[in-house]
Amino acid sequence: MNDVTITPTDDGPYLVEGSITLLDAEGNQYAVSDTIALCRCGHSSTKPFCDGTHEKTNFAAVNRAARSNRMRSQVVASR
């Protein structure tokens, strides 16, 4: 099993640490290292990767995990 950590940084990208395979919508593989930053603001010119544009667009998002005894996840239906 791969150990991967995805952290939504405060007012910034998703930081992905660990060995992953990242595919585009057609199944083509991106070349990635063991640590990447994925855009959350939607304004990066290097999508899906972060290029720091969130700092210029005043992107704001602070996410915290719910404090409960049970872990919950949200599942998004695929097309």
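Start with strands β1 and β2, which form a hairpin with 5 residues between them. Within that turn, select Asp11, whose phi is positive, at about 55°. What you have open is a predicted model.

Next, select residues 5-8, strand β1, together with residues 14-17, strand β2. The two strands pair in the antiparallel sense over 4 bridges. To see one of these pairings, pick Pro8 and look across to β2, where its bridge partner is Tyr14.

Now turn to the nonpolar core. Which residues make up the largest nonpolar core? Select Val16, Leu22, Ile36, Leu38 and Phe49, 5 residues in all. Then centre the view on Leu22 and show its contacts. Leaving aside neighbours within four places in sequence, Leu22 is in contact with the core residues Ile36, Leu38 and Phe49, among others. Its contacts also include Asn28, Gln29, Tyr30, Val32 and Pro48.

The last stop is a pocket. In general, rolling a probe the size of a water molecule over the atoms shows where empty space is left. Select Ile6, Pro8, Tyr14, Asn63, Arg64 and Ala65, which line the second largest pocket. The space in the second largest pocket is about 220 Å³. Colour the lining by class and you will find 4 nonpolar, 1 polar and 1 charged residues.

Notes
Residues are numbered from 1 along each chain as its sequence is written. This is a predicted model: local features need pLDDT of at least 70, side-chain atom pairs count only at pLDDT 80 or more; totals for chains, interfaces and linings use all residues. Side-chain values use heavy atoms; hydrogens and water are left out. On a 1 Å grid over the protein atoms alone, a cavity is a set of points where a 1.4 Å probe fits but cannot get out, and a pocket is an open set with protein on both sides within 12 Å along at least five of seven lines; lining residues have an atom within 4 Å of a point. Grid points are joined across faces, edges and corners, and a volume is the space filled by probe spheres set on the points. Ala, Val, Leu, Ile, Met, Phe, Trp, Tyr, Cys and Pro count as nonpolar, Asp, Glu, Lys and Arg as charged, and the others, Gly among them, as polar. A nonpolar core is a set of buried Ala, Val, Leu, Ile, Met, Phe, Trp, Tyr and Cys residues joined through side-chain atoms within 4.5 Å. Buried means under 20% relative accessible area, exposed over 50%, partly exposed in between (1.4 Å probe, protein chains only). Contact means heavy atoms within 4.5 Å. Two strands pair if DSSP finds at least two bridges between them.
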